[in-house]
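Let's take a walk through the aromatic rings in this one. Here are the sequence and the model to follow along with.

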Amino acid sequence: MNKFLGYIFTPLFYFFFFLTLIIFQPVQWGCYRFFGYKAHKKSVDLLNFFLTYCQIFSGNSTTFINEQQLPLNQPIIFVANHQSMYDIPAIIWFLRKYHVKFISKIELTKGIPSISFNLKYGGGANINRKDSKQAVAEIIKLGRRMKENNWSAMIFAEGTRAKDGQMKPFQVGGIATLLKAVPHALIVPIAIENSWKTVQYGGFPLSTGEQLKWTVLPPLSSAEKNAEELTNEAEHVIRTFLKQPPKITS
């Protein structure tokens, strides 16, 4: 039934989703060019509010739970599992006061209304996966901006989307590189549920009646722990929360 209804609701969802992207392209441009970072940030927040709630048109619900009292005067590295591109708008909107920045493929900085503009000018890191030196340098620059502005970053530590919802092992590279530039950053895990189900049939039709959920988990204690230990701990607490089997170690 979810797939059948998807044929009906998916065109409606895509219409409003892409309409939102088109409308906010000139809005972002104007805010950034004439009023600077703060105005641009507000336009991006509002963009992602509408993108998040476009799920209504596909018959899916959105639940974001954050019961953590996180500091505003300290950079945060949010670490999450990754299931689909629809993971992102809710994180930007609901965690907007933490100025969350993303590490993205440099190819995404061209050709996508609103999204490419934000990636290019929003302060994140745009990396060339074929050029490790460039990637490391960009992530370090992001870490410096986090330190200077008390911004935060979002790391999808699996490195790719888990298309069936089953978590892949977390990779330490991005977290380790950021911690070199901003060693006092707080590590905060986020567990994402059911986002993969929306695209389980591919881009068309999208599944309907799914309950998308994000849960911010307690910050990790970083005392006397290196990046690898923190990455493993973040993976463990997310797996435990999602009731997924533990990582297989050789």
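This is a predicted model: local features need pLDDT of at least 70, side-chain atom pairs count only at pLDDT 80 or more; totals for chains, interfaces and linings use all residues.

Residues are numbered from 1 along each chain as its sequence is written, and side-chain values use heavy atoms, with hydrogens and water left out.

Now for the pairs. Searching the whole structure turns up 23 aromatic pairs. Rings of Phe, Tyr and Trp (its six-membered ring) pair if their centres lie within 6.5 Å, with planes under 30 degrees apart called stacked, over 60 edge-to-face and the rest tilted. Phenylalanine 16 and phenylalanine 57 are a stacked pair, 4.1 Å centre to centre with 10° between the planes. Phenylalanine 16 is partly exposed at 27% relative accessible area, and phenylalanine 57 is partly exposed too, at 28%. Back to phenylalanine 78 and tyrosine 98: they pair edge-to-face, 6.1 Å centre to centre and 65° between the planes.

Ring pairs also build a cluster out of Phe24, Phe49, Phe50, Tyr53, Phe64, Trp93, Phe94 and Trp214.

Finally, look for charges over rings (NZ of Lys or CZ of Arg within 6 Å of the ring centre and within 35 degrees of the ring normal). Lysine 101 has its charged end over the ring of tryptophan 151, 4.5 Å from the centre, while arginine 33 lies over the face of tyrosine 121, at 5.2 Å from the ring centre.

Terms used. Buried means under 20% relative accessible area, exposed over 50%, partly exposed in between (1.4 Å probe, protein chains only).
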